[in-house]
Amino acid sequence: MINDDTRADLVLRGGSIHVLDAADTRAQAIAVAGGRIVAVGADADIEKRVGPDTIVVELDGRAVLPGINDSHLHASWLGGMWPDTLFGPGGPREGALVSTDAERREALLKAGDLIASLGITSYTEPGIGPGEDEGPTGSFGRPVLALYRALDAEGLLRARVNLLLVFGLIDGPARTQDILDGIRDADTAVRDPERFRIAGVKIFGDGIPPMRNAYIHGQYEDGSHGALLLDGADDDERETQLRSAISAAHEAGLQVAVHATGDRTIDVVVDAVRQAVAQHPADLRHYVVHADLLPAATAPLMADAGMGATIQAGIAAVTSEWAAAATGGPAPAPAWPARELLDAGVPFTLSSDAPVLPPDWRIEIAAADRLLGPAADPRARLHELLRRYTAVPAWQDHAEDWKGTLEVGKVADLVVLSDDPDAVGAQGLPGLHIELTYLGGEVVYDAAAEPVATGEG
C-alpha cells in the first residue's frame, strides 16, 4: 500500500514523463520509493515527496519512458557475438562462440552491460535448454540456464529476464518426444519471478522464407513448399507432432512461443492453440514469433484465442528483397504482418532478435514506422509503437500489473532520453541518446559515467 505522504528515494522532475498507458498520459515528474513508483504528476504535486535523503534528478526538459522490454533477444548469443551481428559486416562467426563456463559468464555479463546502455530493463531469452547442449555456438545449452540462475542469485542480472526453454536445436530439427519429455520434466521454479522467470517453451516450427524452408500452403519457385522441423514421415505426421507439443505445453501451464514464418505453419499453430484453449481454458498468452507470411484471415483467429505475436521490423527491412526473390511465382510474397495484427487487435510486440540485428529499439521503431507508411496522426503512431516495446511485452510476460508503464505501484524501471520523442518523431528516435537507465529505482547505466559500448551492427 502506497501512502500519500510517502517520501521518495528518487525524484525525476522538470521533464516529459511518458507513462505509456492506454490514455497516453503525460506528466512532468515521477517519484520512486522502495523500487516502486509512488507518484506521477506535475512538478508541484511531487514536491511533497522530496525529503532530506531524496535523490533529485533535474531533467531540464529531457524525457522519461518505461524501461524497454525486448521480447525476443538472445542475450547469451549477443554477448558472444558483439560487436558483430548476424547481418552486420562481420556476419556469423565460425565455430563455438563460448566453450567454457567462464566464457559464457563473460558473454552474458557483456550483454547485460550493453542492453542496460540501451535502456532495456526486461527481455525474453527465447530458447535455452538441453536441445542445444551440443549446439555449435555454445550459447544456448543447459550451462547457460545454470548461469542465469547463478547470476540471478548473485544479483548480477542487469535486466529482468523472461526465459523460454528449448528442447531441439535453435533454428533446427527437434524430436517431438524430446519436447514432450522436456515439458513433462520442466523445472520452472525461480527465486523471484519479477527478476528471473522461466515462462514456457520455444518450439521451432519451420525455417524462413528466404531459405525456402518456411512451410507454406503454395509452392516456391523451385516447386518445393518447405516443411515443419519436427520429426515425421510426411507433412501430416509433422503437423500432428506440432499440435501434440503445443497441446502438452498448454496442459502443463507453460506459455508456448512458436517460431513460425510460413503461412501453413502459422495456420497449424493457431488452430492447435485454439483447440487447446477450447479443451482446457487458460490465459497462457501463447504467441507466434516472426509471422512473416501471416494470412490476413488468421489474425482475427489469433485475437479470439488470446494469442500474441513478436515481430521484427528491422529484419523485414533488411531481408525483404531476398525473401521476395525466393518466394516468387505461386508462393505468397513476404510482407511485414503488423498491419494485419493491428487491424485484428492482436497484442503484438516489437523486438530486435539480437544479435541478428543490434538490440536498439530506437532503430526498430523507426523501421516499423517506415514499414507502416504515412500516419494520419504521427504522435499517436509513435505512442503505439513505443507501447509495443513496453506495455504490450509486459502483457506477454503476464506482468502488466507491475511493469510496462509508469503508473503508481509499478516497478521503477525507467529510461531517461536526451530529448522528448514527441519533438523528433519516430524517425528521429535513433538520434536521441540514452542518458540513464534505472532498474527498480537503481541506476544500472549512467551515460556520464559509462560511455555506451560501440560496435558495428
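User: Let us start with Ile55: is Ile55 buried or exposed?

Analyst: In this predicted model, Ile55 is exposed, with a relative accessible area of 54%.

User: Which strand is Ile55 in?

Analyst: Ile55 belongs to strand E6, which covers residues 55–58.

User: And what is Ile55 in contact with, leaving aside its neighbours within four places in sequence?

Analyst: With those neighbours set aside, Ile55 is in contact with Asp9, Leu10 and Val11. Asp9 and Ile55 are 46 residues apart along the chain, and their C-alpha atoms are separated by 6.1 Å.

User: Turning to charge pairs, how many salt bridges are there in the whole structure?

Analyst: The search of the whole structure gives 30 salt bridges. One of them pairs Arg285 with Asp283, where the closest N and O atoms are 3.0 Å apart.

User: What about Arg362, which residue does it form a salt bridge with?

Analyst: Arg362 forms a salt bridge with Asp360, and the closest N and O atoms are 2.8 Å apart. Arg362 counts as buried at 10% relative accessibility, and Asp360 is buried with a relative accessible area of 11%.

User: Where do Arg339 and Asp343 lie?

Analyst: Both lie in helix H10 (residues 338–344), four residues apart, which is about one turn of the helix. Arg339 is partly exposed, with a relative accessible area of 37%, whereas Asp343 counts as exposed at 60%.

User: Which residues are linked in a network of salt bridges?

Analyst: A network of salt bridges links Asp24, Arg26, Arg379 and Asp422.

User: Changing topic to helix H5, which of its residues are buried?

Analyst: In H5 (residues 176–185), the buried residues are Thr176, Ile179, Gly182 and Ile183. Seen down the axis of H5, these buried residues fall within an arc of 125 degrees, so they line one face of the helix.

User: What do the buried residues of H5 pack against?

Analyst: They pack against strand E11 (196–204) and helix H6 (235–251).

User: And which exposed residues does the face turned away from the buried side of H5 carry?

Analyst: That face carries the exposed residues Arg184 and Asp185.

User: On to strand E17: why is E17 largely enclosed by the rest of the structure?

Analyst: Five of the six residues of E17 (residues 434–439) are buried, so the strand is largely enclosed by the rest of the structure.

User: How many bridges join E16 to E17, and in which sense do they run?

Analyst: Strand E16 (residues 414–417) is joined to E17 by four bridges, and the two run antiparallel. Within this pairing, Leu414 stands opposite Tyr438 in E17.

User: What about the pairing of E17 and E18?

Analyst: E17 also pairs with strand E18 (residues 442–446) in the antiparallel sense, over four bridges. Tyr445 in E18 is the bridge partner of Thr437.

User: How many residues lie between E17 and E18 in the hairpin?

Analyst: The hairpin formed by E17 and E18 has two residues between the strands. In the turn, Gly440 has a positive phi of about 60 degrees.

Definitions and conventions. Residues are numbered from 1 along each chain as its sequence is written. This is a predicted model: local features need pLDDT of at least 70, side-chain atom pairs count only at pLDDT 80 or more; totals for chains, interfaces and linings use all residues. Side-chain values use heavy atoms; hydrogens and water are left out. A salt bridge is a side-chain nitrogen of Lys or Arg within 4 Å of a carboxyl oxygen of Asp or Glu. Buried means under 20% relative accessible area, exposed over 50%, partly exposed in between (1.4 Å probe, protein chains only). The arc is that of the directions from the helix axis to the C-beta atoms. Contact means heavy atoms within 4.5 Å. Two strands pair if DSSP finds at least two bridges between them.
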